[in-house]
Amino acid sequence: MSYEIPQEIAYREKLLFGLDEVMFNTKWVVLVEGYFDKVRVDQALKLDNSPEIKCCSTFGKSVSSVQIKKLKNKGIDGIILIQDPDAVKDTKKIAYRLN
(Lines give C-alpha, C1' and ligand atoms only; values in the text may rest on other atoms or scores of the structure.)
Protein backbone atom coordinates (compact mmCIF):
# COMPACT_ATOMS: atom_id res chain seq x y z
CA MET A 1 0.00 0.00 0.00
CA SER A 2 1.40 3.40 -0.92
CA TYR A 3 0.42 6.79 0.40
CA GLU A 4 0.28 9.91 -1.73
CA ILE A 5 0.59 13.39 -0.33
CA PRO A 6 -2.31 15.55 -1.53
CA GLN A 7 -1.15 18.04 -4.17
CA GLU A 8 -2.21 21.12 -2.20
CA ILE A 9 -0.03 20.06 0.76
CA ALA A 10 2.94 19.25 -1.48
CA TYR A 11 2.55 22.62 -3.19
CA ARG A 12 2.27 24.48 0.13
CA GLU A 13 5.62 23.03 1.23
CA LYS A 14 7.28 25.01 -1.57
CA LEU A 15 5.81 28.36 -0.54
CA LEU A 16 7.07 31.03 1.83
CA PHE A 17 4.75 33.99 2.24
CA GLY A 18 6.85 37.15 2.39
CA LEU A 19 9.92 35.72 0.65
CA ASP A 20 9.66 38.48 -1.94
CA GLU A 21 10.33 41.01 0.85
CA VAL A 22 13.72 39.44 1.65
CA MET A 23 16.39 41.47 -0.16
CA PHE A 24 20.18 41.32 -0.52
CA ASN A 25 20.67 43.37 2.66
CA THR A 26 18.30 41.25 4.81
CA LYS A 27 20.29 39.56 7.58
CA TRP A 28 17.57 37.83 9.62
CA VAL A 29 14.20 36.23 8.90
CA VAL A 30 11.50 35.64 11.49
CA LEU A 31 9.75 32.42 10.44
CA VAL A 32 6.14 31.96 11.58
CA GLU A 33 3.32 29.51 10.80
CA GLY A 34 0.51 31.46 9.20
CA TYR A 35 -0.48 34.47 7.18
CA PHE A 36 -1.98 36.34 10.15
CA ASP A 37 1.07 35.51 12.31
CA LYS A 38 3.23 37.21 9.70
CA VAL A 39 0.99 40.26 9.55
CA ARG A 40 1.04 40.60 13.36
CA VAL A 41 4.84 40.21 13.58
CA ASP A 42 5.32 42.78 10.80
CA GLN A 43 3.11 45.24 12.67
CA ALA A 44 4.51 44.57 16.15
CA LEU A 45 8.17 44.83 15.07
CA LYS A 46 7.55 47.47 12.38
CA LEU A 47 9.30 45.31 9.80
CA ASP A 48 7.89 47.17 6.80
CA ASN A 49 10.60 49.79 7.35
CA SER A 50 13.39 47.38 8.30
CA PRO A 51 15.42 45.96 5.41
CA GLU A 52 17.69 43.98 7.76
CA ILE A 53 15.00 41.76 9.28
CA LYS A 54 11.90 40.36 7.57
CA CYS A 55 9.16 37.88 8.41
CA CYS A 56 8.01 34.90 6.34
CA SER A 57 5.20 32.39 6.82
CA THR A 58 5.45 28.65 6.13
CA PHE A 59 1.66 28.06 5.90
CA GLY A 60 1.84 25.46 8.67
CA LYS A 61 3.99 24.26 11.53
CA SER A 62 6.39 22.26 9.40
CA VAL A 63 9.30 23.69 7.44
CA SER A 64 10.28 21.81 4.30
CA SER A 65 13.76 21.39 2.87
CA VAL A 66 12.60 23.41 -0.15
CA GLN A 67 11.66 26.33 2.10
CA ILE A 68 15.00 26.11 3.94
CA LYS A 69 16.85 26.12 0.62
CA LYS A 70 14.93 29.18 -0.57
CA LEU A 71 15.91 31.06 2.59
CA LYS A 72 19.57 30.02 2.29
CA ASN A 73 19.61 31.10 -1.35
CA LYS A 74 18.60 34.60 -0.22
CA GLY A 75 21.87 34.78 1.76
CA ILE A 76 20.40 35.48 5.19
CA ASP A 77 22.56 35.14 8.30
CA GLY A 78 19.97 33.66 10.65
CA ILE A 79 16.42 32.56 11.30
CA ILE A 80 14.26 33.33 14.31
CA LEU A 81 11.65 30.56 14.56
CA ILE A 82 8.37 31.56 16.24
CA GLN A 83 5.58 29.00 16.28
CA ASP A 84 2.39 28.34 18.18
CA PRO A 85 2.62 26.48 21.54
CA ASP A 86 1.10 23.30 20.05
CA ALA A 87 4.13 22.96 17.77
CA VAL A 88 6.91 22.75 20.41
CA LYS A 89 8.16 19.29 19.40
CA ASP A 90 8.06 20.15 15.71
CA THR A 91 9.84 23.45 16.39
CA LYS A 92 12.73 21.63 18.07
CA LYS A 93 13.07 19.27 15.11
CA ILE A 94 13.06 22.21 12.69
CA ALA A 95 15.68 24.05 14.73
CA TYR A 96 18.02 21.04 14.54
CA ARG A 97 17.54 20.85 10.76
CA LEU A 98 18.35 24.55 10.38
CA ASN A 99 21.68 24.17 12.15
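**Before starting**

The structure is a predicted model, in which local features need pLDDT of at least 70 and side-chain atom pairs count only at pLDDT 80 or more, whereas totals for chains, interfaces and linings use all residues. Residues are numbered from 1 along each chain as its sequence is written, and side-chain values use heavy atoms, with hydrogens and water left out.

**The whole chain**

Helices (H or I, at least four residues) and strands (E, at least two) are DSSP runs, numbered from the N terminus. Along the sequence, the pattern reads α-β-α-β-α-β-α.

Next, display the surface. The accessible surface comes to about 6,900 Å², and 56% of it belongs to carbon and sulfur atoms. Such areas come from the Shrake-Rupley method with a 1.4 Å probe; for residues, only the protein chains shown count as cover. Of the 99 residues in the chain, 33% are buried. Buried means under 20% relative accessible area, exposed over 50%, and partly exposed in between (1.4 Å probe, protein chains only).

**The nonpolar cores**

Select Leu16, Leu19, Val22, Val29, Leu31, Cys56, Val63, Ile68, Leu71, Ile76 and Ile94, the eleven residues of the largest nonpolar core. A nonpolar core is a set of buried Ala, Val, Leu, Ile, Met, Phe, Trp, Tyr and Cys residues joined through side-chain atoms within 4.5 Å. Strand 1 (28–32) and helix 3 (65–73) each contribute at least two residues to this core.

Which residues does Val29 touch, not counting those up to four places away in sequence? They are Val22, Lys54, Cys56, Leu71, Ile76, Gly78, Ile79 and Ile80. A contact here means heavy atoms within 4.5 Å.

Then select Val30, Val32, Val41 and Leu47, which are among the five residues of a second, separate core.

**The salt bridges**

Three salt bridges are counted in this model. A salt bridge is a side-chain nitrogen of Lys or Arg within 4 Å of a carboxyl oxygen of Asp or Glu.

Centre the view on Lys38, which is buried, with a relative accessible area of 1%. Lys38 forms a salt bridge with Glu21, with the closest N and O atoms 3.2 Å apart. This pair links distant parts of the chain: Glu21 lies in the loop between helix 1 (7–12) and strand 1, and Lys38 in helix 2 (residues 35–45), 17 residues apart. Glu21 is partly exposed, at 27% relative accessible area.

Lys38 also forms a salt bridge with Asp42, where the closest N and O atoms are 2.3 Å apart. Both residues lie in helix 2, four residues apart, about one turn of the helix.

Now select Arg40 and Asp37, whose side chains meet in a salt bridge (2.8 Å, N to O). Arg40 and Asp37 are separated by about one helical turn, because they stand three residues apart in helix 2.

**The aromatic rings**

Select Phe17, Tyr35, Phe36 and Phe59, which ring pairs link into a cluster. Rings of Phe, Tyr and Trp (its six-membered ring) pair if their centres lie within 6.5 Å; planes under 30 degrees apart count as stacked, over 60 as edge-to-face and the rest as tilted. The rings of Tyr35 and Phe36 have centres 5.0 Å apart and planes at 80 degrees, so this pair is edge-to-face. Tyr35 is partly exposed, at 41% relative accessibility, while Phe36 is exposed, at 58%.
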